[in-house]
Amino acid sequence: MTAALLHDRDCGFCRWCAAVVLTLDRRRALRPVEIQSPEGGRLLAGLDTATRMGSWHLVGDDGVPRSAGAAVAPLLRLLPGGRVPAALVARVPRAAEAGYRAVAARRGRLGRLVRPRARRWAADVIARRATDPAG
């Protein structure tokens, strides 16, 4: 299974977070997709623009987008060692959503903490995974 990890290409913090997740994804179960890309538009066709841009999304083989806090447990299940944390997060969906929203509401401020070197690293990680999912 390969799931699409959709992120905002214009948000430095979002890109950095996506790169961290892709680095943890040693099984190559995820592939990065920009929300604003044509593929992002197809994968999120059932969502209005505000919903698309309001959070990150995970779309698995079933084609169903999972967004914001609701995507945390499914994402963790795809990462090595993530089954137990995923089970814990799945038990507290409102807390996962609240935690996600608290971070997302501050992504502009958090993005200013992502230094240029870290932004370049994130861009490199995403570009490598987008062009060569195996490596």
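Predicted model: local features only at pLDDT ≥ 70, side-chain atom pairs only at ≥ 80, totals over all residues.
Mentor: Start with one cut-off. Buried means under 20% relative accessible area. Ala-68 has 1% relative accessibility, so Ala-68 counts as buried.

Trainee: Where is Ala-68 found?

Mentor: In the loop between β4 (65-67) and α4. Check its backbone too. Most residues other than glycine have a negative phi. Ala-68 is not a glycine, yet its phi is positive, about 55°.

Trainee: Which loop holds Arg-28, and what is its phi?

Mentor: Arg-28 sits in the loop between α1 and β2. Its phi is about 60°, again positive in a residue that is not a glycine. Arg-28 has 29% relative accessibility, so it counts as partly exposed.

Trainee: Now a helix. How does the end-to-end distance of α8 fit its 16 residues?

Mentor: Compare the expected span with the C-alpha distance. At 1.5 Å a residue, α8 should span 22 Å, and its end C-alpha atoms are 22 Å apart, so the two agree. Do the check again on α1. Its 13 residues reach 19 Å from first C-alpha to last, close to the expected 18 Å.

Trainee: Which residues of α8 are buried?

Mentor: Ala-122, Val-125, Ile-126 and Arg-129. They cover an arc of only 95° around the axis, so they lie on the same side of α8. The face turned away from that side carries the exposed residues Arg-117, Arg-120 and Thr-131.

Trainee: What do the buried residues of α8 pack against?

Mentor: β1, α1 and β2 (30-34).

Trainee: Is Arg-129 buried or exposed, and what does its side chain reach?

Mentor: Arg-129 has 4% relative accessibility, so it counts as buried. Its side chain reaches the backbone oxygen of Leu-22 at 2.8 Å. Beyond four places in sequence, Arg-129 touches Leu-22, Asp-25, Arg-28, Ala-29, Leu-30 and Pro-32. Leu-22 is itself one of the buried residues of α1.

Trainee: What covers the buried residues of α1?

Mentor: The cover includes β1, β2, α4, α6, α7 (107-113) and α8. The buried residues of α1 include Phe-13, Cys-14, Arg-15 and Val-21.

Trainee: How do I read the core?

Mentor: In soluble globular proteins, nonpolar side chains tend to be buried together. Here the largest nonpolar core has 24 residues, and Leu-30, Trp-56, Leu-58 and Leu-75 have the most contacts inside it. The elements giving two or more residues to this core are β1 (3-7), α1 (12-24), α4 (72-78), α5 (83-91), α6 (93-104) and α8. Another core, of six residues, lies apart from it, with Ala-4, Val-33, Leu-44 and Val-59 among them.

Trainee: Which residues does Leu-75 contact, beyond four places in sequence?

Mentor: Val-21, Leu-30, Trp-56 and Leu-58.

Trainee: How many disulfides are there?

Mentor: Look for cysteine sulfur atoms within 2.5 Å. The count is zero. Cys-17 is in no disulfide, and the nearest cysteine sulfur, that of Cys-14, is 6.7 Å away. Cys-17 is at 28% relative accessibility, so it counts as partly exposed. Cys-11 is at 9%, so it counts as buried.

Trainee: Last one. How far apart are Arg-94 and Ile-126, in sequence and in space?

Mentor: They are 32 residues apart in sequence and 30 Å apart in space, C-alpha to C-alpha. Arg-94 is in helix α6. Its relative accessible area is 75%, so Arg-94 is exposed. Ile-126 belongs to the buried residues of α8.

Key
Residues numbered from 1 in each chain as written. Heavy atoms only, no water. Buried < 20%, exposed > 50% of the residue type's maximum accessible area, 1.4 Å probe, protein only. Polar contact = N/O pair within 3.5 Å; in protein donor to acceptor, adjacent residues only side chain to side chain. Contact = heavy atoms within 4.5 Å. Core = buried A, V, L, I, M, F, W, Y, C linked by side-chain atoms within 4.5 Å. Helix = DSSP H or I, 4+ residues; strand = E, 2+ residues; numbered from the N terminus. Expected span 1.5 Å × (residues − 1). Arc of directions from axis to C-beta.
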